[in-house]
Amino acid sequence: MKSMAFIALLALSVFLLTACGEETVATVTTETTAATEASSAETTETTAATEAYEVIMEIASSDGPMKAPYGIAINSMEQVYVSDAGNNRVLIFDTSGNLLGKWDAQGSGEGAFNTLGFGGLAIDASDHVFVVDNANHRIQKFDKEGQFITQWGTEGTENGQFVRAIGIAVDLEGNVYVTDDGNPYVQKFDNDGNFLMRFGGPGAGNGLFRHATGIAVNQEGHIFVADYETKLVQKFDAAGTFITSWKLGEDVGISGTPEGIAVGADQNLYITDYDYGRIQVFTQDGEFLWAIGDKSVSTNPFKRPTAIAFDADGQLYVVNQSNGKVSVIIPPEK
């Protein structure tokens, strides 16, 4: 997908929630825009390929700019966690864009981080936070107060080991799923990090992976995995058995690159296109519904969008890796 050199080009031990009440640089707008808005114009325009949406704000850190942010997750208290990967830290915001705290201890000790890289974030129903600690080849678990609970993983390709973990998701029972682009399997763990199973393997065929990244689990337990290299989104049942797959971009005649996946309240899948800077929405079986953005990279609204998440009000948070900001939008009503 992206080598560490590529990450450079794109440019949480003790956890103390600091800088409470600090405000981020948030650009607020009330106008309705469209994903095909011309960069030199103030007017909005909607084409057949894209849907109008309302921009709420862009979240940017007031404690130094975010550098190549990747993962995002929102807890039951509407606190927004973002993995500021290039700065080896996790930032916590409220839904108004105010910076509430940061987890920025660095190293290999408990609660510290070492080159999060493209590592993701996930939060369970008890507000435990799971963080991919990329270069330490582990997953770390924290409580909702930011206190370290446990960790698991070492470097390697055996069960419970990681080469370059990236995506992470939690199901309704609290089980944790992790993708690894250096070891092409999805691994499943219980909430305390005990290995349960894995599925996948190297290749481009059904149920196989070359560069698995984003992952999500719906309320029925179906697992959806994005593959940066094969350009596929694959659907599996709860046992890891392949069901179906599909590609991005066919609505506008391009080959899109899936990255982040979120399941909406409507149970549809919202998937970011990393290369084209757009979002496509599909049914759980891969039927295309609508999109934000078209095939014009320069005018599409998102800049290398990685992870994606919904808050309780249905607002959509999209991490823009290349500009270090989080776009907050109201999706079109369907």
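**Exercise 1.** Determine from its relative accessible area whether Asn88 is buried or exposed, and state in which loop Asn88 lies.

*Solution.* The relative accessible area of Asn88 is 13%, and the residue is therefore buried (buried means under 20% relative accessible area, exposed over 50% and partly exposed in between, with a 1.4 Å probe and protein chains only). The structure is a predicted model, in which local features need pLDDT of at least 70 and side-chain atom pairs count only at pLDDT 80 or more, whereas totals for chains, interfaces and linings use all residues. Residues are numbered from 1 along each chain as its sequence is written, and side-chain values use heavy atoms, with hydrogens and water left out. The next step is the location: Asn88 lies in the loop between β6 (79–84) and β7 (89–94), where strands (E, at least two residues), like helices (H or I, at least four residues), are DSSP runs numbered from the N terminus.

**Exercise 2.** Find the loop in which Lys231 is placed, and name the ring over whose face Lys231 lies.

*Solution.* Lys231 has its place in the loop between β18 and β19 (232–236). Its phi is near 65°, which is a positive value in a residue other than glycine. As to the side chain, Lys231 lies over the face of Tyr228, at 5.1 Å from the ring centre; a charge sits over a ring if NZ of Lys or CZ of Arg is within 6 Å of the ring centre and within 35 degrees of the ring normal.

**Exercise 3.** Work out the strand order of the open sheet that contains β17, β18, β19 and β20, and state which strands stand at its edges.

*Solution.* The order in this open sheet of four strands is β17-β18-β19-β20, with antiparallel pairing, and two strands pair if DSSP finds at least two bridges between them. β17 (212–217) and β20 (242–247) are the edge strands, each with a single partner strand, so one side of each is left without a neighbour in the sheet. On average, neighbouring strands of this sheet are turned by 20° against each other, direction ignored; the axes are lines fitted to C-alpha atoms, for helices over the stretch in contact, and angles run from 0 to 180 degrees between N-to-C directions. Turning to one pairing, β17 and strand β18 (residues 223–227) are joined in the antiparallel sense over four bridges, and Ile215 stands opposite Val225 in β18.

**Exercise 4.** Describe the sheet that contains β13, β14, β15 and β16, and then follow the pairing of β15 with β16.

*Solution.* This open sheet of four strands has the order β13-β14-β15-β16, and the pairing is antiparallel. Because β13 (165–170) and β16 (195–200) stand at the edges with a single partner strand each, one side of each is left without a neighbour in the sheet. From one strand to the next the twist averages 20°. Strand β15 (residues 185–189) pairs with β16 in the antiparallel sense over five bridges; Met197 in β16 is the bridge partner of Lys188, and Gly200 in β16 is the bridge partner of Tyr185. The two strands form a hairpin with five residues between them, and Gly193 in the turn has a positive phi of about 95°. Tyr185 also has a charge over its face, since Arg198 lies there at 3.8 Å from the ring centre.

**Exercise 5.** Classify the aromatic pair of Trp152 and Phe189 and the pair of Tyr270 and Trp290.

*Solution.* A pair of aromatic rings is described by the distance of the centres and the angle of the planes. Rings of Phe, Tyr and Trp (its six-membered ring) pair if their centres lie within 6.5 Å, and planes under 30 degrees apart count as stacked, over 60 as edge-to-face and the rest as tilted. The count by this rule comes to 17 aromatic pairs. Trp152 and Phe189 form a tilted pair, 5.5 Å centre to centre with 45° between the planes. This pair links distant parts of the chain, with Trp152 in strand β12 (residues 148–152) and Phe189 in strand β15, 37 residues apart. Trp152 is buried at a relative accessible area of 7%, and Phe189 is buried at 0%. For Tyr270 and Trp290, the ring centres are 5.9 Å apart and the planes stand at 80°, so the pair is edge-to-face.
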